[in-house]
Amino acid sequence: MRRLNRKKTLHLMKELDAFPKVPESYVETSASGGTVSLIAFTTIAFLTIMEFMVYRDTWMKYEYEVDKDFTSKLRINIDITVAMRCQYVGADVLDLAETMVASADGLIYEPVVFDLSPQQKEWQRMLQLIQSRLQEEHSLQDVIFKSAFKSASTALPPREDNSLQSPDACRIHGHLYVNKVAGNFHITVGKAIPHPRGHAHLAALVSHESYNFSHRIDHLSFGELIPGIINPLDGTEKIASDHNQMFQYFITVVPTKLHTYKISAETHQFSVTERERVINHAAGSHGVSGIFMKYDISSLMVTVTEEHMPFWQFLVRLCGIIGGIFSTTGILHGFGRFVAEVIFCRFRLSSYRSTSVPLPDGHTSNHLPLITDNSTH
């Protein structure tokens, strides 16, 4: 009884076989089939390697939502060198309502030489080259995100030469915290002094001839400081053509949450528009000489997530490649054989028609004569 059930089960499984086997005596091999098979196997191997490289790669996914965090503080990271002595300049932040002046207690004023050393000039040149490539190819930003905390620091390298020149500039660096509203960070003549209606700078004791707001922005970022991230203004250098000159940077800050396989951090991206002009009250160009960075906080928040292709999707794509190439090459090979057979048949038919046999009455016959035993004698 068990044996009978086993035979019925095996018979049922054979009926369900979707891959019937062809006896080897019915299989015919050919040189063209071998050539097509070799091409198919080579193509499959090449596409499999390429697909595996795609599987190993990752990409960045961008999601947008409304930023509901209005109570936290915004961190501003600053490293700016101004071509004036430290006692002549002052930096502070004023918010949109002009009721709060953020004292720049977190900033350090360091006397330095404005001209860079050869190694520092090479660093600045490479950074400016990267900035120009980022403006042309925006997809490079994904590479920077994925290499954060893994690549070398983007900070200005220390001076390697012992310059005997006396300091002629002031490096203002550090960080400070402000409210998450639009504001204005500025560096102008004189130290900031408290004022009932806002704020002012003690600039009366500084001569106009000593004004020189040529500056270099080695680093400017918002939010958490992440090594390896290159910001739009890093490496910027501006040379003033006049003593009374205003440099303006209009910045739009976008809160960003970065989640990669290496790090998970909350930072901020920003875009910037630059403008500079000479202050000339007689010509109608009013204002105050200095460096002004007016920033505004976007209401949208971007979440950047690094994603990877699932393994099951890789298997599906791999099966599609193998099956598709076998099917396509089989169809092309069959079509090629059909065309070749049609051409050869027409050639043979034309050769048969061109053969003629003379008849006794002087006519010719296009039919081939039959070969009999009597014809051989």
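View 1. Leu315 sits in helix H5 (residues 311–353); helices (H or I, at least four residues) and strands (E, at least two) are DSSP runs, numbered from the N terminus. This is a predicted model, in which local features need pLDDT of at least 70 and side-chain atom pairs count only at pLDDT 80 or more, while totals for chains, interfaces and linings use all residues. Residues are numbered from 1 along each chain as its sequence is written, and side-chain values use heavy atoms, with hydrogens and water left out. Leu315 counts as partly exposed because its relative accessibility is 36%; buried means under 20% relative accessible area, exposed over 50%, and partly exposed in between (1.4 Å probe, protein chains only). Leu315 and Tyr55 are 260 residues apart along the chain, and their C-alpha atoms are separated by 10.0 Å.

View 2. Tyr55 is one of the buried residues of H2, together with Gly33, Ala40, Ile44 and Glu51. Helix H2 covers residues 31–56, and its end C-alpha atoms are 38 Å apart; this agrees with the 38 Å that its 26 residues should span at 1.5 Å a residue. The expected span is 1.5 Å times one less than the number of residues. The unreviewed UniProt entry places a "transmembrane region" at residues 35–55. UniProt positions are given in the numbering used here, feature names are shortened, and annotations may be inferred rather than shown by experiment. In the model, residues 35–55 are 100% helix and 0% strand, with 30 Å between the end C-alpha atoms.

**View 3. The largest nonpolar core.** A nonpolar core is a set of buried Ala, Val, Leu, Ile, Met, Phe, Trp, Tyr and Cys residues joined through side-chain atoms within 4.5 Å. The largest one has 35 residues, of which Phe185, Ile187, Ile251, Met293 and Tyr295 touch the most other members. Strands that each supply at least two residues include S2 (73–82), S3 (89–95), S6 (169–179) and S7 (183–189). S10 (215–223), S12 (245–259) and S14 (290–297) also each supply at least two. The most comes from S2, which gives 5 residues. Another core, of 9 residues, lies apart from this one; among its members are Ile226, Ile263, Val302 and Val304.

View 4. Met293 belongs to strand S14 and counts as buried, at 2% relative accessibility. Contact means heavy atoms within 4.5 Å. Leaving aside neighbours within four places in sequence, Met293 is in contact with Ile80, Gly183, Asn184, Phe185, Ile217, Leu220, Tyr249 and Ile251. Val93 lies 200 residues from Met293 along the chain, with 9.3 Å between the two C-alpha atoms.

**View 5. Ile76 in strand S2.** Ile76 lies in S2 and is buried, with a relative accessible area of 1%. Between Ile76 and His175 the C-alpha separation is 5.4 Å, although the two are 99 residues apart in sequence. Not counting residues up to four places away in sequence, Ile76 touches Gly174, His175, Leu176, Val178, Leu220, Ser221, Phe222 and Tyr295.

**View 6. Strand S13 and its partners.** Two strands pair if DSSP finds at least two bridges between them. S12 and S13 run antiparallel and are joined by 15 bridges; 4 residues lie between them in a hairpin. Within S13 (residues 264–278), which pairs with S10 in the antiparallel sense over 2 bridges, Ser271 is the bridge partner of Thr252 and Thr267 that of Gly223. Thr267 is buried, with a relative accessible area of 11%. Beyond neighbours within four places in sequence, Thr267 is in contact with Phe222, Glu224, Ile226, Val254, Pro255 and Thr256.

**View 7. Thr188 and the backbone of Ser289.** Thr188, in strand S7, is buried, with a relative accessible area of 5%. A polar atom of the Thr188 side chain lies 2.7 Å from the backbone oxygen of Ser289. Not counting residues up to four places away in sequence, Thr188 touches Tyr88, Val89, Gly90, His201, Phe213, Val288, Ser289 and Gly290.

**View 8. The chain as context.** The chain contains 5 helices and 17 strands. Of its 377 residues, 33% are buried. Among contacts with a separation of 6 or more, 79% are between residues 24 or more positions apart.

Notes. A polar contact is a pair of N or O atoms within 3.5 Å; within protein, one must be able to donate a hydrogen and the other to accept it, and residues adjacent in sequence count only if both atoms are side-chain atoms.
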